[in-house]
Amino acid sequence: MITIQNYINGQYVPPAGGHYLDNYNPATGAVYSQIPDSGPEDVDTAVQAAAAAFPAWAAMPLEQRHDILRGISDGILVHLDRLAEAESLDSGKTITTARTVDIPRAALNFKFFATALLHFASESYHIPGALSYTLRQPLGVVGGISPWNLPLYLFTWKVAPALAAGNCVVGKPSEVTPYTAGLLGEICTAAGLPPGVFNVVHGLGPRAGEAIVRHPQVKAVSFTGSTRAGADIARIAAPMFKKLSLELGGKNPNVIFADCDYDHMLQTTLASSFNNQGQICLCGSRIYVERPLYEKFKQDFVAAVKAMRVGDPADPGSRLGAVVSKMHFDKVLSYIELAKQEGGTVLCGGHALAMSGRLAGGWYIAPTVVEGLPIQCRTNQEEIFGPVVTIQPFDTDDEALALANGVPYGLSATLWTNHLRRTQRFAAELQAGIVWVNCWLLRDLRTPFGGVKQSGVGREGGWEALRFFTETKNVTIAG
Ligand code: NAD
């Protein structure tokens, strides 16, 4: 049994209350580790360590700060295999996904922001007899709270820019997938990060997470997770006038026109539907296909989905692994039942998968395609966040836009067409923070990332993240 500890002031320490939570391996359903059930006392200890470390970290020459963050990036790559195994064990994602997507991206997050901090500059304005310039100063102690679907990837997507901008961080990874964030402390220490600059407090959202949001010395909170928790955090933080970045849920449309490059679209749509068991906030869970292409797409797509291999996450040959927890497994299955009750036809999947041997207690769901549901039903309105997609034909551009925009969410949208004017119209009118045309999940870390409507407030990525993690001050000098 592994015991994960908090990482505070450069040391691994037990929670003040001495209580731990069980942490499960989704592939087997067995408890494999214990994590601290931290509370306000632990958060306060971490905040005090961060506050003490802040003046020196903020004043450190940029090149030195760069070297340390770059060292963390290198350290993540040195430990790639160990981290990938930990991520797969903890989350049920395939080892291949962890090794090729999650861990390399976590390293890249540090590398990208290490470099960015060297080039982050501010504006100046000259008028006769005066000069105004902008200072962008670090905030102090900031909080980062992340979800379970891309554990180290999304945790470092907050921690790296916060540190790059000169802040000290108290981070809380998801209690469902705490392992790799737990290992990050070692890597930071080895890279020479001064004690207290980065701290990890494990535990439940409403206890440890909320304590970070409520702490008066925490100046900003960068949160990625559900819309429900985002609303709770906003309610707490708003009267305290904290800066908030909220990256929330999605129900992304995938709009496919008959003039698309078919083979590329089909392969990408399989990935955008079922990568990471459909547990990526950017997965396209509502697929709309122009009617002339609909029957062909349906036949090819369903045949390819039936051929996807669901299996042991540790087996490099598995295309899908386990879903992340028993609670999530039950939730996804309940949505499949709902889809049937709402009149949907299950074209493939639609059930849990019984595995044998050591996997018998694990949480596996067959990739599921549902047809025949109207836009207003709950299956098409609510985030399922699992290996379940709905498909539907459309006839006109107006209808496709109305379907794509007809949900409360607006994170991303994918469009498949080679028609230039249509592309421009959809790019402008799709209600989403991110629009992919003839591609999916093609990410340039310099671009703004975030959602509209109930998918969130604020943008991450590139300069947006460095601006979020700094306070802007205007200085005017007459002379
Ligand atoms: P969640 O909201 O349950 O938890 C996310 C994190 O917030 C966890 O660390 C949790 O402990 C913490 N938390 C929960 N309640 C809290 C509270 N009241 N105060 C402070 N912290 C709290 O989300 P989840 O189930 O871990 O993740 C899945 C969700 O995340 C999905 O809705 C998905 O769309 C979303 N997500 C969004 C993005 C994005 O970029 N927009 C990316 C990944 C995941």
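Visitor: From which domains does the shell around the ligand draw at least three residues each?

Guide: Domain 1 (2–248 + 455–478) and domain 2 (252–445) each contribute at least three residues to the shell around the ligand. Please keep in mind that this is a predicted model.

Visitor: How many residues surround the ligand, and which are the closest?

Guide: The ligand is surrounded by 30 residues, and the closest are S146, E175, S226, L248 and E383. Sorted by class, the shell consists of 13 nonpolar, 10 polar and seven charged residues.

Visitor: Which polar atoms of the protein lie 2.5 Å, 2.6 Å and 3.3 Å from an oxygen atom of the ligand?

Guide: A polar side-chain atom of E383 is 2.5 Å from a ligand oxygen, and a polar side-chain atom of S226 is 2.6 Å from a ligand oxygen. For G225, a polar backbone atom lies 3.3 Å from an oxygen atom of the ligand. As for cover, the ligand taken alone exposes 840 Å², of which the protein buries 92%.

Visitor: Are E175 and K172 buried, partly exposed or exposed?

Guide: E175 counts as partly exposed because its relative accessibility is 26%, whereas K172, at 2%, counts as buried. The cut-off for buried is under 20% relative accessible area.

Visitor: Where in helix α2 do D74 and R70 stand relative to each other?

Guide: D74 and R70 are four residues apart in helix α2 (residues 62–78), so about one helical turn separates them. Their salt bridge has its closest N and O atoms 3.9 Å apart. D74 is partly exposed at 39% relative accessibility, and R70 is partly exposed at 29%.

Visitor: What pairing do E210 and R214 form in helix α7?

Guide: The side chains of E210 and R214 meet in a salt bridge at 3.0 Å, N to O. Both residues belong to helix α7 and are four residues apart, about one turn of the helix. Elsewhere, salt bridges with shared partners link R228, D232 and R235 into one network.

Note on methods:
Residues numbered from 1 in each chain as written. Predicted model: local features only at pLDDT ≥ 70, side-chain atom pairs only at ≥ 80, totals over all residues. Heavy atoms only, no water. Near = heavy atom within 4 Å. Polar contact = N/O pair within 3.5 Å; in protein donor to acceptor, adjacent residues only side chain to side chain. Areas by Shrake-Rupley, 256 points an atom, 1.4 Å probe, with all protein chains shown as cover. Nonpolar A, V, L, I, M, F, W, Y, C, P; charged D, E, K, R; others polar. Domains from an automatic or database assignment. Salt bridge = Lys/Arg side-chain N within 4 Å of Asp/Glu carboxyl O. Helix = DSSP H or I, 4+ residues; strand = E, 2+ residues; numbered from the N terminus. Buried < 20%, exposed > 50% of the residue type's maximum accessible area, 1.4 Å probe, protein only.
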